[in-house]
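Here are my notes for a first look. Please keep the model open while reading.

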Amino acid sequence: MFTLPRRALLRSALAAPFVTLGAKAFAEAPMLGASFARHRRFTLGNFEVTNLLAGTSTWDGPHGIFGLNISDDEFERVSAENFLSTDQFQGYFTPVVVNTGAQLILFDTGLNPASITDALQGAGYSPDQIDVVVITHMHGDHIGGLMDGRTPVFPNARYVTGQVEFDHWAGTGNDGFERKVRPLVDQISFVAPDEDAVSGITAINAFGHTPGHMAYHLESDGARLLLFADLANHHVWSLAHPEWEVRFDIDKESAADSRRRVLDMLATERIPAVGYHLPFPGIGFVDRRDEGFHWVPEAGQLMR
């Protein structure tokens, strides 16, 4: 049986009169509700990287999103082994700011102008400081903050995205593309896989989630980081089983192939990574486990 030392008991007894005052707690305060830190900043060589929390939401029915090609029993088994609910899961939206010393670059823009503006301001930036906006792909939660009505949210920025991605959405009549991306077309430049968006930041083929979805590899003074966007949207259901189909992947077979290829690279080369929808701040490492992969959250390795 565990017992407290006599000295600890005395300290507890002495403290007790200050905890309550009659029937009223001395330190009574209102409940404030759940909260998250809004940004996480670290250095990468000569770059400064800031992950922004531009929103979080609870989703019902995760098996209706992840693991579409597996049974309920298998999904429940894997979830239980990893302490995950099969009723709900929490999703996060994590744009990233990279200060190269010469330019301030924003990767993706969240759901809407208010969320990205608030997230930037909370991290000490303003939208007019952004020099380059890189769009990994054109789902609404990545392009939603580009325009506020007819006004660009980032008045001094130019834009970089993939030609394959742009061409796909330009031909669909998609409302989000027409409202958020089409008005900026004259300020957009295009990159293909293995080309640089800016010096030290290279596009990586991660096609499948959308036709031209790309990750971005950062390298500065020998330090490396991969922003893999929506390559893997859950730290277990997407990494442990990269072959599990995801509802939002447009080409499910290509998306699974991209997941396995890029995650294998991360595990082999031991490169830290950021996932747009992973538990905030979304920074970690990828390790191999069984036939899949395992997410290892960063635990101070990048605190410099």
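1. Buried means under 20% relative accessible area, exposed over 50%, and partly exposed in between (1.4 Å probe, protein chains only). Helices (H or I, at least four residues) and strands (E, at least two) are DSSP runs, numbered from the N terminus.

2. This is a predicted model, where local features need pLDDT of at least 70 and side-chain atom pairs count only at pLDDT 80 or more, while totals for chains, interfaces and linings use all residues. Residues are numbered from 1 along each chain as its sequence is written, and side-chain values use heavy atoms, with hydrogens and water left out.

3. Start with helix H2 (residues 72-81). Phe75, Val78 and Ser79 are buried there. They cover an arc of only 100 degrees around the axis, so they sit on the same side of H2. The arc is that of the directions from the helix axis to the C-beta atoms. Asp73 and Ala80, on the other side of H2, are exposed. Phenylalanine 83 follows H2 and has a positive phi, near 60 degrees.

4. Next, alanine 119. This residue lies in helix H3 (residues 113-122). Alanine 119 counts as buried because its relative accessibility is 1%. Neighbours within four places in sequence aside, alanine 119 is in contact (heavy atoms within 4.5 Å) with Arg38, Leu52, Leu53 and Ala54.

5. Now the strands. Two strands pair if DSSP finds at least two bridges between them. Strands S19 (residues 283-289) and S20 (residues 292-297) pair antiparallel over six bridges. Arginine 289 has glycine 292 in S20 as its bridge partner. S19 and S20 form a hairpin with two residues between them. In the turn, aspartate 290 has a positive phi of about 55 degrees.
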